[in-house]
Amino acid sequence: DVTEIEEKEAQAKQEEQIIKEQELSNLLHEKRYLKALGLAISLDRPHTVLMVIKAILKEADGRKRLEENIRRLRKDQKEAVLTFLVTWNTNSRNCHEAQAVLETLLKHEAPENLLQYSGIKSAVESLLPYT
């Protein structure tokens, strides 16, 4: 019977998730946006990533700070953000943030690098009608 082992594993995962949520909350409170973005992306939380981006844009020099943070993300994190922003762009409440991130990616990534992103073709096809 492995029920007890499975329950302990599930409890450990849940505790780890709670710790990461608290860490994310602390990072946002401390305005450590790069780490907050990375953690939200790793937790696969598109809405939380959007909230971090909105918080960055509310700061003084928000666009500049957004560019700095997006540029410092790893390629896999940028791919995840690209996937998220396709969905954000379809909603008029979030389209401005999506466009700001998209602008940053287009300005600071070489076209050859963008073509290497997984799902770039479907992302572009999805973005065109709303952009």
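**View 1. Threonine 104, a buried residue in helix α6.** With 3% relative accessibility, threonine 104 counts as buried, because buried means under 20% relative accessible area, with exposed over 50% and partly exposed in between (1.4 Å probe, protein chains only). Leaving aside residues up to four places away in sequence, threonine 104 touches Glu67 and Ile70; contact here means heavy atoms within 4.5 Å. This is a predicted model, where local features need pLDDT of at least 70, side-chain atom pairs count only at pLDDT 80 or more, and totals for chains, interfaces and linings use all residues. Residues are numbered from 1 along each chain as its sequence is written, and side-chain values use heavy atoms, with hydrogens and water left out.

**View 2. Leucine 66 in helix α4.** Helix α4 covers residues 62-71; helices (H or I, at least four residues) and strands (E, at least two) are DSSP runs, numbered from the N terminus. Leucine 66 is buried, at 0% relative accessible area. Beyond residues up to four places away in sequence, its contacts are Ile53, Ile56, Leu57, Ala100 and Val101. Leucine 66 and isoleucine 56 are 10 residues apart along the chain, and 6.1 Å separates their C-alpha atoms.

**View 3. The span of residues 21-131.** UniProt lists these residues, in an unreviewed entry, as "domain: U3 small nucleolar RNA-associated protein 13 C-terminal"; positions are given in the numbering used here, feature names are shortened, and annotations may be inferred rather than shown by experiment.
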